Amino acid sequence: MTPRADHTMTVSAPPHPATLAAWIAATVEPGIPALNPAPAGTLRFLFYARASTSEHQDPQTSRAWQLDVAHRLVDRHGTIVGE
């Protein structure tokens with residue numbers, strides 16, 4: 001909020017970062033060194049999947065659909081580099 005001469009306040013909407021790195025940089029508290037936002041497509045991700053007990057879920061099928069969703073989620077933002 002910014003005070004004006006007539007003592008009214010104006011409120012501006014916060015920016016909507018386009019990348020995970022930009023979001024992190026925008027949400028870092030003052031006084032904490034900010035990250036340099038990575039260029040689009042260079043973020044590295046680790047894939048972590050979990051399956052319910054073997055009686056309720058097939059581990060191979062569960063891993064396959066979770067990995068597919070993860071690839072679609074990080075597409076154009078980076079690469080999955082490990083599991």
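Is Glu83 buried or exposed? Select Glu83 and see: its relative accessibility is 63%, so Glu83 counts as exposed. Here, buried means under 20% relative accessible area, exposed means over 50%, and partly exposed lies in between (1.4 Å probe, protein chains only).

Before going on, note that this is a predicted model, where local features need pLDDT of at least 70, side-chain atom pairs count only at pLDDT 80 or more, and totals for chains, interfaces and linings use all residues. Residues are numbered from 1 along each chain as its sequence is written, and side-chain values use heavy atoms, with hydrogens and water left out.

Arg63 and Glu83 form a salt bridge (a side-chain nitrogen of Lys or Arg within 4 Å of a carboxyl oxygen of Asp or Glu), with their closest N and O atoms 2.7 Å apart. Arg63 sits in helix α2 (residues 59–74) and Glu83 in the segment after β4 (78–82), so the pair ties together parts that are 20 residues apart in sequence. Helices (H or I, at least four residues) and strands (E, at least two) are DSSP runs, numbered from the N terminus. Arg63 is partly exposed, at 36%.

Now stay in helix α2 and pick Asp68 and Arg72, which are four residues apart, or about one helical turn. This pair also forms a salt bridge, with 2.8 Å between the closest N and O atoms. Asp68 is partly exposed at 39%, while Arg72 is exposed at 57%.

For the last stop, select Asp75 and Arg76. Their salt bridge has its closest N and O atoms 3.1 Å apart. Asp75 is partly exposed at 40%, and Arg76 is exposed at 69%. A search of the whole structure finds three salt bridges.
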